[in-house]
Amino acid sequence: MNEHLLSDAEVARFLVSGYHLVEPELPAGLNESIAAQLNALDYNPGDAITEAVPELWQVLDHPTVKGALVSLLGPDYEVQSHRHWHCKQPNSPHMNWHQDGLNNRDVLLNRFLGLYYPTDVTPDMGPTIIVPGTQFRNAPTDRMATYSNIRGQVPLVVKAGTVAFTHYDLWHGTAANRSPHKRHMIKFLFRRTQNNTAPTWNHDPEAANKPADWNERDRAEDVTNILNFTNPLGVSQSDHYKERAIRRQNWNYLMGLSA
Ligand SMILES: O=C(O)CCC(=O)C(=O)O
């Protein structure tokens, strides 16, 4: 067992909710140093943000961050060349809901985002807002952009150093920044390069193969029941069973079985 890899339940929850947060124990002063360099930048270098602030690699190379990536994308995952510094300026408005991915109901988990926050993000600082469970839901982006609050939305009010891994199709937006502080987030993109032939996380076959238990439902701690019953959006039964099928296909794909 590798202490940095995810458990079965954590992998299953990622498939169900579309996100996973890690809080790596970064070297003292690293977040502060990165934030200071970002505060001083007077242009956005785009993909070259890692050249402007090379210490960002220390975040990506942290064992807790790598452990989550290996668990979900395999040991040969790639850090893609596209990345972006999202500097949310003081007194700037909200950003509409959208999906970054291709709006698929994708049964293969091959690519997703990592959002790194070098400072604490308070509710008034324009946190990213995600809607857990929306990653398999198609919605025309122009229509989605007109929605306001959505039941189940989660503002990423996080502590400095947090990395939020989010499914590429997860619905997200940003709250307005009503504070006098810049809110920094660096978005990275990670990609699988090899299909799994076996689980790449801390897999326990016994615990992962428990029978379905209707009495546990949302309290479930095991894979079968997490995949079957978790319903973060509270959708109807006829809607839920379609989603359940996609989750199970994703799980089988990660297990190295045919999807
Ligand atoms: O700045 C943020 O919090 C979110 C940015 C965003 O929506 C995106 O990168 O697609």
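1. Basis. The model is predicted: local features need pLDDT of at least 70, side-chain atom pairs count only at pLDDT 80 or more, and totals for chains, interfaces and linings use all residues. Residues are numbered from 1 along each chain as its sequence is written.

2. Domains. The chain is assigned domain 1 (8-191) and domain 2 (205-255). These bounds come from an automatic or database domain assignment. The two centres, taken over C-alpha atoms, are 25 Å apart. Domain 1 gives 18 residues to the contact and domain 2 gives 19. Contact here means C-beta atoms, placed from the backbone, within 7 Å. On the domain 1 side, 10 of the touching residues are nonpolar, four polar and four charged. Ala, Val, Leu, Ile, Met, Phe, Trp, Tyr, Cys and Pro count as nonpolar, Asp, Glu, Lys and Arg as charged, and the others, Gly among them, as polar.

3. Core. The largest nonpolar core holds 55 residues. Such a core is a set of buried Ala, Val, Leu, Ile, Met, Phe, Trp, Tyr and Cys residues joined through C-beta atoms within 7 Å. Val11, Ala12 and Val163 have the most contacts inside it. Domain 1 and domain 2 each supply at least three of the core's residues. Ala12 touches Val223, Ile226, Leu227 and Trp251, leaving aside residues up to four places away in sequence.

4. Helix α5. Helices (H or I, at least four residues) and strands (E, at least two) are DSSP runs, numbered from the N terminus. In α5 (residues 63-73), Val65, Ala68, Leu69, Ser71, Leu72 and Leu73 are buried. Buried means 20 or more other C-beta atoms within 10 Å of the residue's own; exposed means 12 or fewer, and partly exposed lies in between. The buried residues of α5 fall within an arc of 165° seen down the axis, so they line one face. The arc is that of the directions from the helix axis to the C-beta atoms. Their cover includes α1, β1, α4, β7 and β9. Gly74 follows α5, with a positive phi near 90°.

5. Ligand shell. His86, Lys88, Met95, Asp100, Thr128, His172, Thr174, Met185 and Lys187 surround the ligand. The criterion is a C-beta atom, placed from the backbone, within 6 Å. β2, β8 and β9 each supply at least two shell residues.

6. Asn91. This residue sits in the loop between β2 and β3. Asn91 counts as exposed because it has 10 C-beta neighbours inside 10 Å.

Notes: Two residues are in contact if their C-beta atoms, placed from the backbone, lie within 7 Å.
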